[in-house]
Amino acid sequence: MIFSLAVYAAPYSQEGSATALRFAESALKQGHQLYRVFFYADGVHNSSHLHTPPQDENNLPKRWKALADNHEVDLVVCIAASLRRGILNSEEAARYEKPSHNCEAPFNISGLGQMIDACVNSDRVITFA
Amino acid sequence: MKKILFVNRQAPFGRSYAKESLDALLAASAYDQDISVLFSGDGVFQLIKKQQAKGIEQKNIAATLPALEMYDITKIYVQASALSERDLKLGQLAIDAKPLSETEISALTQNQDSILSF
């Protein structure tokens, strides 16, 4: 089956973020395809590469990155949701003249249309709020 | 063409879901899919006509709702029991929404290809 995930949950605040990650890892392990993970609302915080969790805690951003690197999963962050929450890649930081950025590959910043495209091209879209 | 249902379950201003669902809904309208939207639970409060969001420096959700029709989103549903539990009447809503029973909601959701829940 082809899955896509919509993640609205912020890491470390809501369990939804970690559950989405475990769902993604399990689905791939069982031979399903993951078309896209779309990070929206507070879920965009999952894409910050400045997360520094204590060493004995779950490193969610690192695991998302591993998932993308090992399985070529498309990790897309909504641009409207991310800009207003201070999640910027180098292009957006330059565009808005900000001194730094905190989002980079494998997370891609793109539009809401990618969430609808995921609905069109997946058998199931699961929301993690 | 895929059937995509947006389900709005949260009150309008405490969290960002109402606004971000509406943004996604308007974006979805550009993709030529079969879009429906259901307001259920506290989500019915999003439909209330007389919102005074200015007092909390927010944009009025209900003011944007009439735009749905311009975006060809006409399948707008509301959970009938959620309205009655909150003593709300259809006349208090900013747009026309078709009230559905739990059985009808079950049929609606089973008939979808994708459900985006907010």
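In the predicted model, chain B has 118 residues and a radius of gyration of 13 Å, which agrees with the value near 13 Å that a compact globule with this number of residues would have. Taken along the principal axes, the box filled by the C-alpha atoms of chain B is roughly 40 × 30 × 25 Å. Of the 118 residues in chain B, 36% are buried. Among the contacts in chain B with a separation of 6 or more, 73% are between residues 24 or more positions apart.

Chain B contains five helices and five strands. Along the sequence, these elements of chain B follow the pattern β-α-β-α-α-β-α-β-α-β.

The sheet was examined in chain A. Here five strands form an open sheet with parallel pairing, and their order is β4-β3-β2-β1-β5. The edges of this sheet are taken by β4 (107-110) and β5 of chain A; each has a single partner strand, so one side of each is left without a neighbour in the sheet. From one strand to the next, the twist averages 25°. Strands of a sheet pair through backbone hydrogen bonds, in either a parallel or an antiparallel manner. In chain A, strand β1 (residues 2-7) and strand β2 (residues 33-39) run parallel and are joined by six bridges. Within this part of the sheet, V7(A) stands opposite F39(A), a residue of β2(A).

Two helices of chain A are described relative to the sheet. Helix α1 (residues 15-29) of chain A lies across β1, β2 and β5 of chain A, and the angle at which α1 runs to β1(A) is about 170°. Helix α5(A) lies across β1, β2, β3 (75-78), β4 and β5 of chain A, running at about 155° to β2(A).

The two chains touch through 13 residues of chain A, which are in contact with 15 residues of chain B. On the side of chain A that touches chain B, at least two residues each are supplied by α3 (79-84), α5 (113-121) and β5 (124-128) of chain A. The most is given by α5(A), with five residues. By class, this side of chain A has eleven nonpolar and two polar residues, and no charged residues.

Conventions. Residues are numbered from 1 along each chain as its sequence is written. Chains are lettered from A and ligands numbered from 1 in the order in which they are written. This is a predicted model: local features need pLDDT of at least 70, side-chain atom pairs count only at pLDDT 80 or more; totals for chains, interfaces and linings use all residues. Two residues are in contact if their C-beta atoms, placed from the backbone, lie within 7 Å. Helices (H or I, at least four residues) and strands (E, at least two) are DSSP runs, numbered from the N terminus. Ala, Val, Leu, Ile, Met, Phe, Trp, Tyr, Cys and Pro count as nonpolar, Asp, Glu, Lys and Arg as charged, and the others, Gly among them, as polar. Two strands pair if DSSP finds at least two bridges between them. Axes are lines fitted to C-alpha atoms, for helices over the stretch in contact, and angles run from 0 to 180 degrees between N-to-C directions. The radius of gyration is taken over C-alpha atoms; the globule rule is 2.2 Å times the number of residues to the power 0.38. A residue is buried if 20 or more other C-beta atoms lie within 10 Å of its own, exposed if 12 or fewer, and partly exposed in between; C-beta atoms are placed from the backbone.
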